[in-house]
Amino acid sequence: MTVVPNPLHVLITGASSGIGAALAAHYARPGVELSLLARNRERLDTVARACRARGAGAQIHVSDVTDAQEMQRVVLACDRRHAIDLVIANAGIGGAASMTATAEELAASARPIFEINLMGVVHTVTPLVPCLVARRSGQIAIMGSFAGLVGLPQAPVYSASKAALRVYAHGLRRLLMMLWTAPTLRHRCATRVVASKRTTMRGAVHG
Ligand SMILES: NC(=O)c1ccc[n+]([C@@H]2O[C@H](COP(=O)([O-])OP(=O)(O)OC[C@H]3O[C@@H](n4cnc5c(N)ncnc54)[C@H](OP(=O)(O)O)[C@@H]3O)[C@@H](O)[C@H]2O)c1
């Protein structure tokens with residue numbers, strides 16, 4: 001397994017604002033293709049224009065990560081257009097809000113938090129696994145949180161969703177290590193859980 005040091009095609013979910021938009025700007029440079037996915041077309045357009053101004057190619061995908069079939073279609077179409085070197089499964093809810101003391105979680109919001117933060121990541125990553133394994137190249141980054149290590153009193157459900165994500169990423173990493181390990185060749189696995197810069201946690205799981 002080869003980690004591509006300078007990825008030429010980066011797929012970012014939750015690219016319409018916040019950390020996802022900042023990551024898009026970070027990777028935007030000539031020769032780089034960006035696939036930017038979120039639900040809000042206007043905000044995605046703004047991010048894509050800024051990336052193109054930096055010389056990158058940028059395509060937007062107005063999709064909901066909770067829709068498994070739609071994600072399968074979009075992710076595979078992106079990969080066919082240009083092999084994905086790096087997928088950043090970043091889309092999530094409750095991020096910044098969970099860091100404030102005043103945020104409140106209602107029981108009704110528990111299901112969407114899990115559907116977006118956990119299942120959204122599964123829907124993003126799963127279609128790509130066979131492609132990355134076949135190419136023996138690529139990297140999966142999953143946006144974690146300090147809240148995945150220590151439950152936040154103002155956001156217990158959000159914290160649980162990030163803890164589940166951490167264990168999912170750990171299992172995925174071990175699965176990929178098995179798939180990428182041949183009798184005579186060992187491949188370094190490149191699945192990571194990353195934490196936002198606003199938290200003090202370093203990567204919880206490193207490939
Ligand atoms: N900010 C923090 O302090 C912090 C700390 C730790 C971890 N995180 C994590 O970092 C990630 C980004 O957080 P952020 O602070 O940048 O939040 P944000 O500004 O609210 O961005 C969230 C992004 O996710 C997208 N999104 C939400 N639901 C979606 C869905 N169903 N389908 C597709 N896209 C969806 C949003 O776009 P649309 O609304 O256009 O769909 C938006 O682009 C999250 O996973 C969060 O848990 C953040």
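Predicted model: local features only at pLDDT ≥ 70, side-chain atom pairs only at ≥ 80, totals over all residues.

**Zoom out for the layout**

Switch to cartoon. The protein chain has seven helices and six strands, and from the N terminus on the order reads β-α-β-α-β-α-β-α-α-α-β-α-β. There are 207 residues in the protein chain, 43% of which count as buried.

**Strand 2, from both sides**

Select residues 33-38, which make up strand 2. Are they buried or exposed? Six of the six are buried, so strand 2 is largely enclosed by the rest of the structure. Look along the strand and you'll see Glu33, Ser35 and Leu37 pointing one way, with Leu34, Leu36 and Ala38 pointing the other.

Next, bring in the partners:

- Strand 1 (residues 9-13) pairs with strand 2 in the parallel sense, over five bridges. To get from strand 1 to strand 2, the chain goes through helix 1, and this β-α-β crossover is right-handed.
- Strand 3 (residues 57-62) also pairs with strand 2 in the parallel sense, over six bridges. Here the chain crosses through helix 2 (residues 41-53), in another β-α-β crossover that is right-handed.

For individual bridges, pick isoleucine 12, whose partner in strand 2 is leucine 36. On the strand 3 side, leucine 34 has alanine 58 as its bridge partner, while alanine 38 has valine 62.

Stay on leucine 34 for a moment. Setting aside neighbours within four places in sequence, leucine 34 is in contact with Val10, Ile12, Ala24, Tyr27, Ala28, Cys51, Ala56, Gly57 and Ala58.

**On to strand 4**

Go back to isoleucine 12 and look for isoleucine 88, which stands opposite it in strand 4. Strand 1 and strand 4 run parallel, joined by three bridges. Which residues of strand 4 sit on each side? Leu86 and Ile88 are on one side, Val87 and Ala89 on the other, and all are buried, with both faces of the strand covered. Strand 4 is also joined to strand 5 by four bridges, again running parallel. To find one of them, select leucine 86 and its bridge partner in strand 5, glutamine 139.

In soluble globular proteins, nonpolar side chains tend to be buried together. In this model, the largest nonpolar core has 51 residues, and those with the most contacts inside it are Ile12, Ala15, Ala24, Leu34, Leu36 and Val87.

**A stop in helix 2**

Valine 47 lies in helix 2. It counts as buried because 26 C-beta neighbours fall inside 10 Å. Leaving out residues up to four places away in sequence, valine 47 touches Ala15, Ser16, Ala21, Ala24 and Leu36. Try the distance tool from valine 47 to serine 17: they are 30 residues apart along the chain, and their C-alpha atoms are separated by 7.9 Å.

**Around the ligand**

Now select the ligand and the 30 residues that surround it; the closest are Gly14, Gly18, Asn40, Gly92 and Gly95. Colour this shell by type and you get ten nonpolar, 16 polar and four charged residues. Which helices each supply at least two residues of the shell? Those are helix 1 (18-27), helix 4 (95-98) and helix 5 (110-125). The largest share, three residues, comes from helix 1, where this tour began.

Jump to arginine 136, in the loop between helix 6 (129-135) and strand 5 (139-143). Check its backbone torsions: arginine 136 has a positive phi of about 55°, although it isn't a glycine. Is arginine 136 buried or partly exposed? It counts as partly exposed, because it has 13 C-beta neighbours inside 10 Å.

Terms used. Residues numbered from 1 in each chain as written. Near = placed C-beta within 6 Å. Nonpolar A, V, L, I, M, F, W, Y, C, P; charged D, E, K, R; others polar. Pairing = 2+ DSSP bridges. Right-handed = clockwise from strand over helix to strand, strands pointing away. Buried ≥ 20, exposed ≤ 12 C-beta atoms within 10 Å, placed from the backbone. Core = buried A, V, L, I, M, F, W, Y, C linked by C-beta atoms within 7 Å. Contact = placed C-beta atoms within 7 Å.
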